[in-house]
Amino acid sequence: MNLTANLTRRSPIGLDIGRRRIHAVQFDAGRGQRIAAAVSLTRTHDTAELTAEESERLQNVLERSGFRGRAVVVAARPENTVSAAVQGPAGANDTQLDAVVRHEVARIGAAEPGQMEIAWWPLPAGPRTAAVRECLAVGLTHAGSEALLGPLEAVGFEPRAIDTPATALHRVVAPALGADEPAGPGFAVLIDVGWSGARLYLLDARRVRYQRALDEPALGQELRAISARFGSESLGQWEKVVLELVTGVEADEHASPVAAVAQASLARIGARLAAEAQTSADYARRRDPDSALQALVVCGGGAALAPLISGMEQGVDAPVTVCDAVSLGLDVRSADAAGYDPGMALAAGLARWGGR
Amino acid sequence: MNKRACPNLMPKARVEAYRVARRKRLWRRALTAYAVVGAAACASLWAAHSGPSAASADTQTAPGADPQSVVDLKAALQRELASRQLEAQRVALVEGQPDFGVLMRLLAQESRDTVLLRRCVVDARARGDEPLAYRLELDGLAGSPRDAARFVLRLEDTGVFDSVRLLETAKADLDGAQVTGFRISCRLAQRSETTP
């Protein structure tokens, strides 16, 4: 038995529950960026919420994969949250602005203020917003929290917090943007490319300034469409072949017309996502002419697809960075952390949650 | 990084419930550790004093044995035991205390902007033949008698109280404005313990 390992303190487990996969990451507390355990498992039900069976399986997998403790931090689902940029009077203090934000977000979410939890953070004043105090607010109804936490609590997990994906991603990406240095004029666009959709975040070293869902067809939808066109193999086998091809693994053995079509399609998606990023960057520059786009950062499952990244590189005037362990400065030398991939950036950010 | 970088969208009541549970778990662990250390100390003390006499049964009955040392050892152990029991009672007392902060937060939430509370008393005394129950006496100001009545309804809706009674409403003055003073008596769910 390794007594030293059992005595080491751990962070809460960051759980990113997607439609297709669940990612979990845990850090060694007090050891900087050292990841103690990381695992990803495929979901068995195509539902937004976890089923009881999936929760039990998750618990077993975490136990076997080197995770310790019951404390978890989960991300609120973007489709269940209300997100809005709210403006208050210029002279308003935090308490007054908080009251304005609560009523405004509750109104947008069509809920009683008492039935909703709200988080907000101030935004920098731009030339057009100098006369007001502006902030970005996110709200989640108690019913939404219940649906998210219920299945986890049923199998003995102890939820510590429900974080927003924006702040969780910012927590891991910000150090790479120089968050510890005085705030500079630079900002970055972060795109989280998931199986069922993509989201765009505009952030600087100190805060998330803006977020929105992208209208682009989901990656999974596009791949399924190609699969249906050629469709001789089962979806699972086909995906495996395509993913191997696009990431360059064993490309020579599997070279086929299907792979060429998939690569071209992914490159097109990449170019469209880059165009969206460029539009947001241009908008940010109009608000603050002194600022500049530092980087386009890509995370989520799509970040592992090489043709997608190539497509992005050609469509944006900034370097494209993938949220892998090296870019984020994460230490993945532990044996249980070997499974870390760019799709786990959100889970890593959740595990870094340090509030009360 | 600013202080709002770690938001928590979990309902506050749930966060508080987990916090209380964690605190109780910590107390239990501390108490267990304390008891184990105490037991080990007692055992070593006993072994140190009884060791030489146990080595030779003859010495216990020997005319030279000092009965005073046995009496001293017994008294020391009794004092140690009493000290440990007192400590355990203190820990149990702290752990068993109801968290009135939750009640205060509930009142603050339900009073909203229409009601101002002036006095809030929790009474745990038994009355006559009634079983022991907590009583909450509230004294405050409302914008109108209707606001006071609504406050009573909201308190009833929380489900925390067995009964909520509006005892009195009267005209009152608040910085020159005409408002309604009120007194409310609430009875909380009964407890089985004999001490609060």
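Start with chain A: buried residues make up 51% of its 356 residues. Buried here means under 20% relative accessible area, exposed over 50%, and partly exposed in between (1.4 Å probe, protein chains only). This is a predicted model, in which local features need pLDDT of at least 70, side-chain atom pairs count only at pLDDT 80 or more, and totals for chains, interfaces and linings use all residues. Residues are numbered from 1 along each chain as its sequence is written, chains are lettered from A and ligands numbered from 1 in the order in which they are written, and side-chain values use heavy atoms, with hydrogens and water left out.

**Stop 1: chain A overall.** Color by secondary structure. Chain A shows 12 helices and 13 strands. These are DSSP runs, numbered from the N terminus: helices are H or I with at least four residues, strands E with at least two.

**Stop 2: Arg43(A).** Select Arg43(A), in the loop between strand 3 (35–42) and helix 2 (52–64) of chain A. Arg43(A) is buried, at 8% relative accessible area. Show Ala48(A) next: its backbone oxygen lies 3.5 Å from a polar atom of the Arg43(A) side chain.

**Stop 3: helix 3 of chain A.** Select Glu104(A) and Arg107(A). Their side chains form a salt bridge (2.7 Å, N to O). The two sit 3 residues apart in helix 3 (residues 94–108), so about one helical turn separates them. Glu104(A) is partly exposed, at 27% relative accessible area. Arg107(A) counts as exposed, at 55%.

**Stop 4: inside chain B.** Select Glu110(B) and Arg154(B), joined by a salt bridge (3.9 Å, N to O). Glu110(B) is in helix 4 (residues 100–111) and Arg154(B) in helix 5 (residues 145–158), so the pair ties together parts 44 residues apart in sequence. Both Glu110(B) and Arg154(B) are buried.

**Stop 5: where the chains meet.** Show both chains. The contact (heavy atoms within 4.5 Å) takes 17 residues from chain B and 33 residues from chain A. The count between the chains is 5 salt bridges. Zoom in on one of them: Arg25(B) pairs with Glu158(A), the closest N and O atoms being 3.2 Å apart.

Key:
A salt bridge is a side-chain nitrogen of Lys or Arg within 4 Å of a carboxyl oxygen of Asp or Glu. A polar contact is a pair of N or O atoms within 3.5 Å; within protein, one must be able to donate a hydrogen and the other to accept it, and residues adjacent in sequence count only if both atoms are side-chain atoms.
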